[in-house]
Structure formats: C-alpha cells, structure tokens
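Thanks for coming, everyone. I'd like to walk you through one structure today, so let me put it on the screen.

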Amino acid sequence: MAEGRRERADAARNRQAILRATEELLARYRPEQVSMERVAAAAGVGKGTVFHRFGSRLGLMVALMQERAYALNEAVTNGPPPLGPGAPPEERLMAFLDAIAELVGRNKGLLAALGHAATASRPEWKEQEAQAGQADDCAQGSPDDHPVYRFWHGHTSALIAERRPELDAELLAHILLCSLQSEPVLRLLERGESARLAASLRVMAAAMLAAPAPS
C-alpha cells in the first residue's frame, strides 16, 4: 500500500513537472521548437515517461490546455453572468471571447501549439514518436481534434445560433476561433497584445450577429 501511494505521488509529481516545463518552454520558444525530447529534458524525466503519460505531442498540449482552460469552462457552465448562464446570448458571447483572449494571452503560444501539434507532419516528429511507439493519430487532424477546441466551438456556435438561428453558426464559430491559431495572432500575443485581440474578436462577432439574414 505504501509503495503504491509513493508510485502514485511520483507519477503526479512527474505529470506536474512535465506540464510546468512545457508551459515554460512555450513562453520562450515557438511551438514548433518545443519537442517531446526538449520537454523531457526540461522536466528532468526520460522521454519515454512523457510519452507514457501523454501519449503524443498533441496529447501533452491538450492536457496542458485543459488544465489552464478548466476554470473558464467551469465559469461558462456554472458561473455568474454574463460569462455564465443567465445573460442574453450576445453578452455571453462577448464575455466568452474576452475570456478566451485573456486565457491565451496568459499562456502565450499554447493555443497555437495545439493547432501546430494537430496538423504537424514534420518527419522528425513522426520519427521521434515512432521510436517511442506512440504514433500521433491526430498528426493529420484538424483543430477540432482536441476537446478544448470542441468545447469552445460548441459554446460559441450555440450562442450564435441562439441569437441568430438562421445563420450558419457552426461555420461562423470556426471562423472566429481558428483565427486564434494564425501566425499574426501568435505574434500579437507574443507582444502582450491580448486586449487588442479581444477587441477585434468582439468586432468580428458583432458584425456576424448584425449581418443581414441570408437569402
């Protein structure tokens, strides 16, 4: 029993060390420069431990984003308005976009890293993952291959549909959120301009909601 508890405690410490190292590396380097091997070295663990805990580079990025995004998801589901239930859909959408911009601003490069991990096809990454016996099934996937994006997209599209049911809410939500993974937006976040990002997202969302009904 005592040995099992020690093993679980060691695993928990390793997990936090790996996530902390990943976040620190993403604050200093571009997403494509943060490899599993580099994360392992920064965390003081073996590369096999990283693969064992998270399965793939995408799995690692998803786990880190989930930890950082959990509080936002909880606020959206159970928190006070306008972010939580109870406010008109347009107010909730604007509050949600503000919260996303703040989140990605505090965790520079993380959202871009998720998109990069989901779409990367660089041979060296595939070789590293194959050597560890963990091929990344999402390497040719899309941004909505990870649960954080799915939650954000589902919430955004639901609010758009509630306010303007005649619009293509699913596609419009993708257009809003996928812009967060673009190179210009990543550079803007690196300069600490998350407020500028939030203002621009608000403009885009307001224009969508005010657009004439499709004929």
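Let's begin with the largest nonpolar core, which has 36 residues, and in it L72, I100, W152, I160 and L197 touch the most other members. By nonpolar core I mean a set of buried Ala, Val, Leu, Ile, Met, Phe, Trp, Tyr and Cys residues joined through side-chain atoms within 4.5 Å. Buried stands for under 20% relative accessible area, exposed for over 50%, and partly exposed for what lies in between, with a 1.4 Å probe and protein chains only. Who supplies this core? At least two residues each come from helix 4 (57–78), helix 5 (89–106), helix 8 (147–163), helix 9 (169–178), helix 10 (183–190) and helix 11 (194–210). The biggest giver is helix 5, with ten residues. As background, nonpolar side chains in soluble globular proteins tend to be buried together.

Take I160 as an example: leaving out residues up to four places away in sequence, I160 touches L93, P165, A169, L172, A173, L176 and L209. Touching, or contact, is heavy atoms within 4.5 Å. There is also a second, separate core of 19 residues, and I18, L26, V39 and A63 are among them.

Before I go on, a word about what you're looking at. This is a predicted model, where local features need pLDDT of at least 70 and side-chain atom pairs count only at pLDDT 80 or more, while totals for chains, interfaces and linings use all residues. Residues are numbered from 1 along each chain as its sequence is written, and side-chain values use heavy atoms, with hydrogens and water left out.

Now the overall picture. The protein has eleven helices and zero strands; these are DSSP runs numbered from the N terminus, H or I of at least four residues for helices and E of at least two for strands. Of its 215 residues, 45% are buried. If you take the contacts with a separation of 6 or more, 66% of them join residues 24 or more positions apart.

On to how the helices pack. Axes here are lines fitted to C-alpha atoms, for helices over the stretch in contact, and angles run from 0 to 180 degrees between N-to-C directions. For the words that go with them, under 35 degrees is roughly parallel, over 145 roughly antiparallel, 65 to 115 roughly perpendicular, and the rest oblique.

Have a look at helix 4 and helix 8, whose axes are 9 Å apart at an angle of about 25°. The two are therefore roughly parallel to each other. On the helix 4 side the contact uses V62, M65, Q66, A69, L72, N73, V76 and T77, and on the helix 8 side P147, V148, F151, W152 and H155. By class, that contact has nine nonpolar, four polar and no charged residues. In this scheme Ala, Val, Leu, Ile, Met, Phe, Trp, Tyr, Cys and Pro are nonpolar, Asp, Glu, Lys and Arg are charged, and the others, Gly among them, are polar.

Next, helix 2 (residues 36–43) and helix 3 (residues 47–54): how do they pack? Their angle is about 110°, with the axes 8 Å apart. That makes helix 2 roughly perpendicular to helix 3. M36, E37 and A40 of helix 2 make the contact with K47, V50 and F51 of helix 3. The class count there is four nonpolar, no polar and two charged residues.

Helix 10 and helix 11 come at an angle of about 140°, axes 8 Å apart, and are therefore oblique to each other. Here V185, L188 and L189 of helix 10 meet S194, R196 and L197 of helix 11.

G105 sits in helix 5 and counts as buried at 10% relative accessibility. Beyond residues up to four places away in sequence, G105 touches L189 and S194.

R53, in helix 3, counts as partly exposed at 34% relative accessibility. Setting aside neighbours within four places in sequence, R53 is in contact with A11, R15 and I18.

P82 belongs to the loop between helix 4 and helix 5.
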